Number of protein chains: 4
Amino acid sequence: MSSHWGNCLHISIFGQSHAPAIGVTLDNLPAGQPIDLEELNAFLARRAPGRGPTSTPRKEADQPELLCGLVNGFTCGAPLTAVIRNTNTRSQDYEELRDMPRPGHADYTAQVKYRGFQDLAGGGHFSGRLTAPLCIAGGICLQILKRQGVTVHAHIQRIASVEDRPFDPLGEQDLDFLTKMPLPVLCPEAASRMEEEILSARRQGDSVGGVVECMVQGLPAGVGSPMLESLESRIAGLLFGIPAVKGVEFGAGFAAAGLRGSENNDCFRPGTPVQTATNHSGGILGGISSGMPVVFRAAFKPTPSIAAAQETLRLSTGKTEILNVKGRHDPCIVPRAVPVVEAAAAIALLDAWMETKSLEGFL
Amino acid sequence: MSSHWGNCLHISIFGQSHAPAIGVTLDNLPAGQPIDLEELNAFLARRAPGRGPTSTPRKEADQPELLCGLVNGFTCGAPLTAVIRNTNTRSQDYEELRDMPRPGHADYTAQVKYRGFQDLAGGGHFSGRLTAPLCIAGGICLQILKRQGVTVHAHIQRIASVEDRPFDPLGEQDLDFLTKMPLPVLCPEAASRMEEEILSARRQGDSVGGVVECMVQGLPAGVGSPMLESLESRIAGLLFGIPAVKGVEFGAGFAAAGLRGSENNDCFRPGTPVQTATNHSGGILGGISSGMPVVFRAAFKPTPSIAAAQETLRLSTGKTEILNVKGRHDPCIVPRAVPVVEAAAAIALLDAWMETKSLEGFL
Amino acid sequence: MSSHWGNCLHISIFGQSHAPAIGVTLDNLPAGQPIDLEELNAFLARRAPGRGPTSTPRKEADQPELLCGLVNGFTCGAPLTAVIRNTNTRSQDYEELRDMPRPGHADYTAQVKYRGFQDLAGGGHFSGRLTAPLCIAGGICLQILKRQGVTVHAHIQRIASVEDRPFDPLGEQDLDFLTKMPLPVLCPEAASRMEEEILSARRQGDSVGGVVECMVQGLPAGVGSPMLESLESRIAGLLFGIPAVKGVEFGAGFAAAGLRGSENNDCFRPGTPVQTATNHSGGILGGISSGMPVVFRAAFKPTPSIAAAQETLRLSTGKTEILNVKGRHDPCIVPRAVPVVEAAAAIALLDAWMETKSLEGFL
Amino acid sequence: MSSHWGNCLHISIFGQSHAPAIGVTLDNLPAGQPIDLEELNAFLARRAPGRGPTSTPRKEADQPELLCGLVNGFTCGAPLTAVIRNTNTRSQDYEELRDMPRPGHADYTAQVKYRGFQDLAGGGHFSGRLTAPLCIAGGICLQILKRQGVTVHAHIQRIASVEDRPFDPLGEQDLDFLTKMPLPVLCPEAASRMEEEILSARRQGDSVGGVVECMVQGLPAGVGSPMLESLESRIAGLLFGIPAVKGVEFGAGFAAAGLRGSENNDCFRPGTPVQTATNHSGGILGGISSGMPVVFRAAFKPTPSIAAAQETLRLSTGKTEILNVKGRHDPCIVPRAVPVVEAAAAIALLDAWMETKSLEGFL
């Protein structure tokens, strides 16, 4: 199974880049939740291409059509489905990829798994375009969470070698300003240097990767589960569903491997709710939220579609050849990935929260 | 839901550290698979404590009893359940933790989620001891995979600041020697320096973390799925179910964020099966195996249970107090975590492989 | 969760009767399967209203639009989504039902569960109209099964007190003629008497129920599982998802309760594959197909929407009142339910078959 | 997958009749629920063989051992696992069944699915003995439901041709007396006639089937979901997991097929909660509980193991032979199935209720 997920809340993503449409179904949303479509569109716009000099000039009209699940702007308890029409014509350009798989793409692995029947056009179901329905689902979850006092914000923590300041993991910050920035960063000067990195890569027909950091504030303690359904497992499971994500870490993450226990342990402190003096755990202990901000980072590889010539294999001859990838591609996917990371987190959190609620009211 | 997982193969882990037993059920294993219990016990022994100067002197007799699912040493198609008896007496020492949660532990989050009814003794269901049934499940999957030509090996890539040489991600290496080493490393001199780091931490009543790197060889191309059920999502979902894991990366991982596309892309090369010149993708493209080795790393935080005094909160008074954690604990969990990482990978891979098989034979 | 289902094959149904659209997503279909849209439309036409004097004169243009999952008429391995636009305007007639729930309908239970936010128009997500996407999913599965030699046929076994001859459960019958009949029966004279029962009910502003019997031929032995995922559990689970189904039985079913073991047991007989002399088991032993035809029946209650006046409760006053249900409704849903039962069976069988395949190739 | 089930609450059943043990894991039970083991044992005793002249004289010591999930008699939030040791020696008698499958049993279908590796001894995982762990799970759910005011009771509605009076589906009855009867019936004289039917079958080396009717009282309105996760789908899915169940119906069930809509519709009536004048729907409308008693029936086929000689096929020769089934078997499984039906209902209801709770608290 490729594209459904969830325990209490259920998400099913569908579509290929050049199929008539892409979309998503959310099953088991609580009824009576107002969904602000303008706010949802504004959220989706943050993912849309063409927002600045760093992204692809392609235009996508990613206005979703809500097919069902809403009545007069409120969730009605039935599955909610939204679709986005694809306006790109199905191109014949892609046929060649069947025989000459692009390095770093899923062309070859799809060929093996689907035995040549996969949709090659525009990357098919593997396209980054499929993060648009993920954002629809996440944007809806974000609105529901926000009414419960939970906010989710991400910024670009790194592009190539340029780093932004990390979030203060103790939270209590108003981060809404990030949603207005084309390159959302905490340290404004980082943005211009990041932009330069991206433009430099584009000029050289190349691409760059980066890291997105995300912080959840307002999540109460007690959400999540030990072991195989840990909050980390759920969030990471969704994040690794975003094409190009190759690493995920929570709190101190990989750096924790270099710390002593006496440094890494977060001492509990008085407060309502209970606080910790530091937040190396990223707000999760034993797979369950601690009430401190949930903090995590996702590493994105550089866009594999680059203008520069690359060597690849012609499968039919078994010989290497030079491949020139056509089309216009983002030299860096990271700026557009920021809301996608927020979306993935929101879905995972709402699912985990609903599961926690399923246990309540029995005492 | 806390402790079950899977799509085709289904795993359900149960038990608490001081309950009568811990164990695991594997449902939907293929029938007719010989399971070598001696080999399984040898695998479990790698996780057992007390193997060297770096681990806790506690002794655990982790011999699993197979309750069902095997007939004359072969899987019979029925769910396979194995249990390990806990020999530790339920201690009253743990009651204090209800009011004085240990920093870095799940004491506090469990208290909130389970409203005081959680099992505190020995960490309950949150204990690292629950990785033993994960290893039973994984050890069985490893045997099945091995007969199909798939091997899974892990080494300690880092303890504190001491690093081992990384795996050559192009594979074709016999790595069985790692299974014999108390501190499995590629570069023998790293082992002694790692041991010194661990002993130094123990002497100071402290603990250290580390990184485990794992490589899967022999997995054919075409296993896995795009997006939400990607091979990365499945493996990471299980890895983040291991207590203490705070980061997971595949292939170049976080380092890919600093690479150019032209550097990170793995050019396809002739070969049977098809090869790539490099393996920054960690053997996974579009969530599907490429036929190259699957390579990933998991970061472990330092053991939160340390002998040194720590500050924590007494919940009933809302005041901070000094806590001295009792009991004998591993100053570093990483050496014992090596087979656990292999186990998690094996479970995820067999599940994904079975799903791939479910699609076969229709053409 | 309301409307998704499946283990290997995954179905997600969405839509409300008067929402912009209804539809379905099938995830994990094998790639490379040709889908004949004309054949699919012909299958859907069997469910469509307005085929004869016994059904509602409403017209529904149930031509599905395939949004994704198909390339050049072949499944491509990505989720397949099809939608049907609803052409009925959202009517205000339904608001009254919020306060005066119709007897036999979900108006009241939806009001309680969704706290007044449910979609009342046309029955919302509870409408029999939602069986159209179930038929899309089932029609696709039927085509895949047919290429593997498996056929699924149903007939009206009973309307009110008029019975058709039951299927010969030993099978080996060409039943395609049933798909051409407005009232599919084995004994033609039964059809005219059934029609008379339906028209008589309509004349009296009333409705009638019935029983649909279904037979699967060509399914090999060995598909299904013991206990909680038995073939009966899967088929029945889907059948009870069809609005109006109140009973399901396999083989001799309820009549088996009156038989002696010596009568009910099906003796094995020589043959390739192995045969049984009788088929009281309905082709399923221990939850697994025996290679004999799978035979089952589903009982449908009479349509709750009747023209005759009925008493109900006005919730706001707590007093009973007379309710006149508006709109034109089927006096009997059973003829249109015949392909729906086939669809449900096909989905369950393909899912179970894929699961069986997931276990193959390991020996 | 064979033996796990559930959405919010998760059940995993394991074991074979002659394996070291059988058992069950319940994952995601709410914490803090007292479990009365004496009450649980009393519930299991109702399923145990040897309670009267109508059952097998075999003795089973079905005392479950709770391996985990309970602390001081309260659920602790961790998975709860209970096992029952099998005391029967693995017999060699069963080997012959591999070549001479018993009519009406899973011997043949298991042979095909598991390719000869299935556990034949005592019926393996297909044995009726596996309903003991189902009863453990159900018995625990029953205790939790009871504290919420929900009771579940079943009686024998029919054995062979002898019928008991049906439940009054309007409920409000104290039915605890049924739990004390070896043959639980509403009309005492039915019991003696049923017993005579069973003894008569035994004398003739034969067996008889029957019908169990179950009624749930106190379940509030609003539990369940439309379509594929309807309350009927969930209950029926579990009931059809009980070996020997071949039919399930809710409310008027198959009889509804013969009613007019005006007869079958249940008019709403004043009351707190809202009542209906009749209960042909069996307390479920649109897959969701109406607040009226949930009423359903399950049909059991006669025990396939009979003493009388039967014809079967010797697979190795392809010739028919006479089979004499060895061992002592119940001439009628129905009396012991009564608590099993209650158990299945309780599991399905608690799961559905927890799911309903997952949606609460968002408004």
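The ring of F362(D) has the charged end of K357(A) sitting over it, 4.9 Å from the ring centre. For a charge to count as sitting over a ring, NZ of Lys or CZ of Arg must be within 6 Å of the ring centre and within 35 degrees of the ring normal. Another such contact brings K357(C) over the face of F362(B), again with 4.9 Å to the ring centre.

Before going further, a word on the ground rules. This is a predicted model, in which local features need pLDDT of at least 70 and side-chain atom pairs count only at pLDDT 80 or more, while totals for chains, interfaces and linings use all residues. Residues are numbered from 1 along each chain as its sequence is written, chains are lettered from A and ligands numbered from 1 in the order in which they are written, and side-chain values use heavy atoms, with hydrogens and water left out.

## Aromatic pairs

How many aromatic pairs does the structure hold over all chains? There are 26. Rings of Phe, Tyr and Trp (its six-membered ring) pair if their centres lie within 6.5 Å; planes under 30 degrees apart are stacked, over 60 edge-to-face, and the rest tilted.

Take Y114(A) and F126(A): their ring centres are 6.5 Å apart and their planes meet at 55°, so this pair is tilted. Y114(A) belongs to helix α3 (residues 107-114) of chain A, while F126(A) is in the loop between α3 and α4 (131-147), so the pair ties together parts that are twelve residues apart in sequence. Helices (H or I, at least four residues) and strands (E, at least two) are DSSP runs, numbered from the N terminus. Y114(A) and F126(A) are both buried, a word used for under 20% relative accessible area, with exposed meaning over 50% and partly exposed in between (1.4 Å probe, protein chains only).

In chain D, F250(D) and F296(D) also make a tilted pair, at 5.7 Å centre to centre and 45° between the planes. Here the link is between distant parts of the chain: F250(D) is in strand β11 (residues 245-250) and F296(D) in strand β16 (residues 294-300), 46 residues apart. F250(D) counts as buried at 0% relative accessibility, and F296(D) is buried with a relative accessible area of 0%.

Ring pairs can also reach from chain to chain, as in the cluster that links F240(A), F250(B) and F296(B).

## Two interfaces

Where chain B meets chain A, 102 residues of chain B are in contact (heavy atoms within 4.5 Å) with 102 residues of chain A. About 8,300 Å² is buried between these chains, 63% of it on carbon and sulfur atoms; buried area is the accessible area (1.4 Å probe) that two parts lose on being put together, summed over both. Which three residues supply more of the area that chain B buries against chain A than any other three? They are M227(B), L228(B) and K246(B), with 10%.

Chain C and chain D form a contact of 103 residues from chain C and 102 residues from chain D. On the chain C side, M227(C), L228(C) and K246(C) lose the most area to chain D, together 10% of what that side buries.

The table sets out values for these two interfaces. A salt bridge is a side-chain nitrogen of Lys or Arg within 4 Å of a carboxyl oxygen of Asp or Glu.

| Interface | Buried area | Salt bridges |
|---|---|---|
| Chain B and chain A | about 8,300 Å² | six salt bridges |
| Chain C and chain D | about 8,300 Å² | six salt bridges |

One of the salt bridges between chain B and chain A joins R115(B) to E360(A), with the closest N and O atoms 3.6 Å apart.

## Backbone details

Most residues other than glycine have a negative phi, and most peptide bonds are trans. Against that background, the peptide bond from T272(A) to P273(A) is cis, with omega near -5°. P273(A) is in the loop between β12 (268-269) and β13 (275-276) of chain A. In chain B, a cis peptide bond joins T272(B) and P273(B), with omega about -5°.

N28(D) has phi near 80° and lies in the loop between β3 (21-27) and α1 (37-47) of chain D. N72(D) has a phi of about 50° and is in the loop between β5 (70-71) and β6 (74-75). Are these residues buried or exposed? N28(D) is buried, with a relative accessible area of 5%, whereas N72(D) is exposed, at 71%.

Terms used: Contact = heavy atoms within 4.5 Å.
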